[in-house]
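Let us take a walk through this structure together, starting with the terms we need and then moving from the whole chain to single residues.

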Amino acid sequence: MSGLLNRTDRKVAVDIFMLMSGWLIWALSIFVGVFVLSQILPWMDIEFNFNSLTYNFFDGATQAAKYFMLVTGIILASYVPVAYVRHGVTRKIVFKGTFFGITAVALSLSIVVQILYSLVSLIFGSDVGDTSSLSRVFHGQVLFLLLIFLFSCVIYFTIGWLISLAFSRYGFIPGMLSIALSLAVIIAFESLWKATIQLPWIREALMNGIRLPQLPIWAALAGSLVLFSLLLALLQLMMRRMTIKP
């Protein structure tokens, strides 16, 4: 790590990690509490639904983490770069420190969710959820589940950062373009994994009964890495040209 990050890089990364960790504890506590109550109380029939599929703990946590990372990316981008640059930290260091800080947050959250998912499966059983969900398709493949969760978190955070930066630093038109680009990236990312696990509703939605070919897991991982790399390159370019008002 010392070879990749200098002292200032590490300071920014640690700051981002500590700030996000505090928010994550609250968000994860609420999610776990709601899930446990939904399993204990018969009258509290709460499900994590999306297109008529019911997710179990892992899939629900993945969806919740996406929204959380998207929102926090938007919030942090509105003041973090400005605060650091005004104190003499270069844009390159801000970008690098934020990237490593968020990656550490996403990796830590992924590990915690994996542990909680195992505990939930032991306590409530593993029959919660749809047979076409990510956790069922990759059941027992901890590394794949961890990578899926990690990519989901960092990509959605980067999208939030990109949208916020475009609006706050470049104006309305670039901001709207960033939303359009972000939607395209989200559709591409989600389609990769839906094609991998072959969710039934996708096949039904295609015209004339044409079936979407099932992708191997390595193709979805490689595609996710390409999307993330393109987002990072664009975000880095925007950070370099970002103007900071005194």
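A residue counts as buried when its relative accessible area is under 20%, as exposed when that value is over 50%, and as partly exposed in between, using a 1.4 Å probe and protein chains only. What you see is a predicted model, in which local features need pLDDT of at least 70 and side-chain atom pairs count only at pLDDT 80 or more, while totals for chains, interfaces and linings use all residues. Residues are numbered from 1 along each chain as its sequence is written, and side-chain values use heavy atoms, with hydrogens and water left out.

Let us begin with the overall layout. The protein chain has nine helices and two strands; these are DSSP runs numbered from the N terminus, with helices being H or I of at least four residues and strands being E of at least two. Along the sequence their pattern reads α-β-β-α-α-α-α-α-α-α-α. Of the 246 residues in the chain, 45% count as buried.

Now look inside. A nonpolar core is a set of buried Ala, Val, Leu, Ile, Met, Phe, Trp, Tyr and Cys residues joined through side-chain atoms within 4.5 Å. The largest one has 60 residues, and those touching the most other members are Met 20, Met 69, Leu 109, Val 113, Phe 149, Trp 161 and Trp 193. Helix H6 gives the most to this core, with 16 residues. Phe 149 is in contact (heavy atoms within 4.5 Å) with residues including Phe 58, Ala 61, Leu 109 and Val 113, leaving out those up to four places away in sequence.

Helix H6 covers residues 142-170 and also holds Thr 158. Is Thr 158 buried or exposed? Thr 158 is buried, because its relative accessible area is 6%. Beyond its neighbours within four places in sequence, Thr 158 is in contact with Phe 228, Leu 231 and Leu 235.

Helix H2 is worth a stop too. Of its 21 residues, 15 are buried, so H2 is largely enclosed by the rest of the structure.

Finally, turn to helix H4, residues 91-124, where Ser 108 lies. With a relative accessible area of 32%, Ser 108 is partly exposed. The C-alpha atoms of Ser 108 and Leu 146 are separated by 10.0 Å, although these residues are 38 apart along the chain. Ile 111 is in helix H4 as well, and Ile 111 is partly exposed, because its relative accessible area is 39%.
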